Amino acid sequence: MNRKGILIVVSGFSGSGKGTLMKELLSRYADTYALSISATTRSPREGEEHGREYFFITKDEFEKMIAKGELIEYARYVENYYGTPREYVEKMLDEGRDVILEIEIQGALKVKKAFPDTLLLFVTPPDATELKNRLVGRGTETLDVIKSRLDRACEEAEGMDSYDYLIVNDDLNECVEKMHTIIQGEHHRSFRNKAFMKEIKEDLQRLKGED
Ligand code: ADP
Ligand code: 5GP
């Protein structure tokens, strides 16, 4: 069967563990998945590298990418722009890889509108207190920024039911396998296998005609 890549959006509250999950999923199943690297105007956190976590660019450069149609979608999130470069995503899907976009909810809904077959996954911690603990424990943002991110989480919680699956990130190891199982299960949905169904129908007709 000719396997076509699935476009997957992973969203979730800041601090829910999306980045950690994605890193682990890609290290376990490197040949199956490709993770899109977004462009952003926010500054790199300690340890982040240009071209690895993000393409860190200026507002001017970002606006040029928008004008040239080089982004599949983009959104503003807590004072900065974030967007998905088109070229890499299209190339990886053509090569049969499942492509993951780790993006926030406004972007997720834009992608779903432009590509209705997109699989939408929402990652959440087991409870709200754990979310705050993870954000504080990560130690990468000031208390003010953490507060903005928790405020934003309240808004994002309203959109959770637009997603196809809710994934609770409690035990990391179990969560990675849960996500992999859900995505691979998606490949068997009949609407994702139209070419196969068409071919087998035609072959059956041919067999029937041979007698
Ligand atoms: P996000 O990308 O969603 O903002 P991160 O991946 O940066 O979140 O995770 C936020 C913090 O929570 C990090 O310090 C990370 O090590 C921790 N974390 C992630 N997943 C888990 C988990 N399942 N259990 C406990 N801590 C976790
Ligand atoms: P962070 O600053 O924590 O890396 O990311 C902030 C938020 O922006 C997260 O919810 C993340 O998923 C989202 N994000 C990252 N890249 C993109 C993107 O290309 N497009 C959109 N719409 N959101 C993104």
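Biologist: How many bridges join β5 to strand β6?

Modeller: First, the ground rules: this is a predicted model, where local features need pLDDT of at least 70, side-chain atom pairs count only at pLDDT 80 or more, and totals for chains, interfaces and linings use all residues. Residues are numbered from 1 along each chain as its sequence is written, chains are lettered from A and ligands numbered from 1 in the order written, and side-chain values use heavy atoms, leaving out hydrogens and water. In general, strands of a sheet pair through backbone hydrogen bonds, parallel or antiparallel. Here β5 and β6 (residues 80-85) run antiparallel, joined by six bridges. Strands are DSSP E runs of at least two residues, numbered from the N terminus, and pairing takes at least two DSSP bridges.

Biologist: What is the bridge partner of R76 in β6?

Modeller: Y81. The charged end of R76 also sits over the ring of Y81, 5.1 Å from its centre (CZ of Arg or NZ of Lys within 6 Å of the centre and within 35 degrees of the ring normal).

Biologist: How many aromatic pairs are there?

Modeller: Rings of Phe, Tyr and Trp (its six-membered ring) pair with centres within 6.5 Å; under 30 degrees is stacked, over 60 edge-to-face, the rest tilted. That rule gives nine aromatic pairs. Take Y74 and Y81: their centres are 6.1 Å apart and their planes at 75°, so they're edge-to-face.

Biologist: Which residue's charged end sits over the ring of Y74?

Modeller: That's K110, again 5.1 Å from the ring centre.

How values were computed. Helices (H or I, at least four residues) and strands (E, at least two) are DSSP runs, numbered from the N terminus.
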